[in-house]
Amino acid sequence: MAKACAQSHGQAEQLVIHQDDIKEEEETLDESGDPLEESGRTVDSSDEEVEDSVAEDMARFEESFIGINKKYRLINRIGEGTFSTVYKAEDLQYDDFQNRWDIDERENTKWSSPSHRRRQSKSRPRYVAIKKIYVTSSPIRIFNELELLHDLKNSESVCPLITAFRHLDQVVAILPYFQHRDFREYFRDMTVSDIRLYFRSLFTALRSVHAKRILHRDIKPTNFLYNPQQARGVLVDFGLAEREGTDWHQCACTLSTEERRYRISHSVYAATLNSGNQHSSYPKTDTRSSRRANRAGTRGFRAPEVLLKCTQQNTSIDMWSAGVILFTLLSRRFPFFHSADDIDALLEITSIFGRKKMREISLLHGQVFETNIPSYSDGGHSLEKIILWCTGRSQKDEKTGKKIELQDEEKEAVQFLYRLMECDPAKRITAEEALRHSFIAKAFEESEGDEDMVDLI
Ligand SMILES: Nc1ncnc2c1ncn2[C@@H]1O[C@H](COP(=O)(O)OP(=O)(O)OP(=O)(O)O)[C@@H](O)[C@H]1O
Ligand SMILES: [Mg+2]
Ligand SMILES: [Zn+2]
């Protein structure tokens, strides 16, 4: 029997969810969160002033979850998401267990003497993040998140699951607390070198997640906790993650080009076009079953194939979302996309890539794309031009009268961005390849240079 249990806390209660307990539930497939709403609710972790309402909420939680206050001392509420509330807490039983999850301790061990370590380990409080998953979440979803986190426990740059507890219908996941800064505080000031370091860390996490053929599905700044000072980040929130191949039905994108062409030429769409209609019309009684696909994710970060309901989505959807983060950083606009729904989101992508590309990628997944909005061009705009426009550099230089261009470093970043925001998922760069791409590889060279300097000192 499959079970989700995290054992790094030794004899601590294990969370074992029996299959019998899992009731089939109608899962809603559209799980969108608004990127602004989302990011607005993260409390600065260094700010430990507790508001009255938060103190009341923590007291209620301690009262209802019997025994939790023996293990952890709640400090503050640090996140309030769509599916959970996250608290920062001190681990009161840290010294009773092996703590392989503690990255700081591992790094300390490398550099300090044993006596210094002993002194430090007794005096320093150890923090965890307690993720209280809302009881309204389906048991399948909770089980899925914990099981995937358990599978990813040794994955580089992924926030590991320490343990999990259940009291009645309430499940909590215990994660190491990771010191990070709110994306909105630093994204405007990042230099190209900082951007490289950010993505080196994010792609390291994605490489390890994708190596296990797991799709995160919700890559966005609030789910990648980044510490700019240490140039280190961890990926969190596997609430929407799934294994590749879950619920797959054949999609035209996996057919050979010839086969796909044949299908298109024999489709209802082709028949209506052949009957002399310039624009495709819609059959009065359409007998085809409606198409269902997982569209979970956050508005503005969804890949085109997710919006087009591709039924064989794979790990490359996360690479598109990472591309949206890079676009945000280069254009200094957050959130970059801000759509009301999936159709709006497709139109936002159309305004960049143009109608021709949208028609092509829609057909790739067996869909027809049409719009009668006249302002969209066929060829779209270059990403360079959009970045120049967003950063107020679209006018000509006053002195030289010449067009302003991106700096060389930015141009290299844009070349990399094209590889991430590639509309055809089969051509999109993978996390493994991204880490070898010259844009990211420079981050390794730059940090080696820094280490040489440290050695010299
Ligand atoms: N290990 C951690 N260390 C520090 N902060 C954390 C940690 N895990 C989560 N948080 C904070 O809590 C927030 C919400 O966590 P998470 O994304 O896992 O929950 P969620 O309810 O699924 O979120 P959402 O619906 O907002 O995506 C994060 O954005 C982060 O600010
Ligand atoms: Mg989240
Ligand atoms: Zn497809």
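**Close-up 1. R181 and the residues in contact with R181 in a predicted model.** Leaving aside neighbours within four places in sequence, R181 is in contact with Y186, N227 and P228, where contact means that the C-beta atoms of two residues, placed from the backbone, lie within 7 Å. R181 is found in the loop between β6 (170-176) and α7 (183-186); helices (H or I, at least four residues) and strands (E, at least two) are DSSP runs numbered from the N terminus. R181 counts as partly exposed because 17 C-beta neighbours lie inside 10 Å; a residue is buried if 20 or more other C-beta atoms lie within 10 Å of its own, exposed if 12 or fewer, and partly exposed in between, with C-beta atoms placed from the backbone. The C-alpha atoms of R181 and Q229 are separated by 9.5 Å, although these residues are 48 apart along the chain. Because this is a predicted model, local features need pLDDT of at least 70 and side-chain atom pairs count only at pLDDT 80 or more, while totals for chains, interfaces and linings use all residues. Residues are numbered from 1 along each chain as its sequence is written, and chains are lettered from A and ligands numbered from 1 in the order in which they are written.

**Close-up 2. D189 in the loop between α7 and α8.** D189 is exposed, with 9 other C-beta atoms within 10 Å. The C-alpha atoms of D189 and R332 are separated by 8.7 Å, while the two residues are 143 apart along the chain.

**Close-up 3. Helix α8 (residues 192-211) and helix α12 (residues 316-331).** At 1.5 Å a residue, the 20 residues of α8 should span 28 Å, and this agrees with the 28 Å between its end C-alpha atoms; the expected span is 1.5 Å times one less than the number of residues in the helix. Because 14 of the 20 residues of α8 are buried, this helix is largely enclosed by the rest of the structure. The axes of α8 and α12 come within 12 Å and cross at roughly 170 degrees; axes are lines fitted to C-alpha atoms, for helices over the stretch in contact, and angles run from 0 to 180 degrees between N-to-C directions. The two helices, α8 and α12, are therefore roughly antiparallel to each other, given that angles under 35 degrees count as roughly parallel, over 145 as roughly antiparallel, 65 to 115 as roughly perpendicular and the rest as oblique. The contact is made by I195, F199, L202 and L206 of α8 together with D318, A322, L326 and L329 of α12. After α8 comes R213, whose phi is positive, near 55 degrees.

**Close-up 4. Helix α14 (residues 383-390) against helix α15 (residues 408-420).** These helices, α14 and α15, pack at an angle of about 120 degrees, with their axes 10 Å apart, which makes α14 oblique to α15. The residues that make the contact are L383, E384 and I387 of α14, and V414, L417 and Y418 of α15.

**Close-up 5. P125 in the loop between α5 (114-123) and β4 (127-133).** P125 counts as exposed because it has 11 C-beta neighbours inside 10 Å. The C-alpha atoms of P125 and D91, which are 34 residues apart along the chain, are separated by 7.4 Å.
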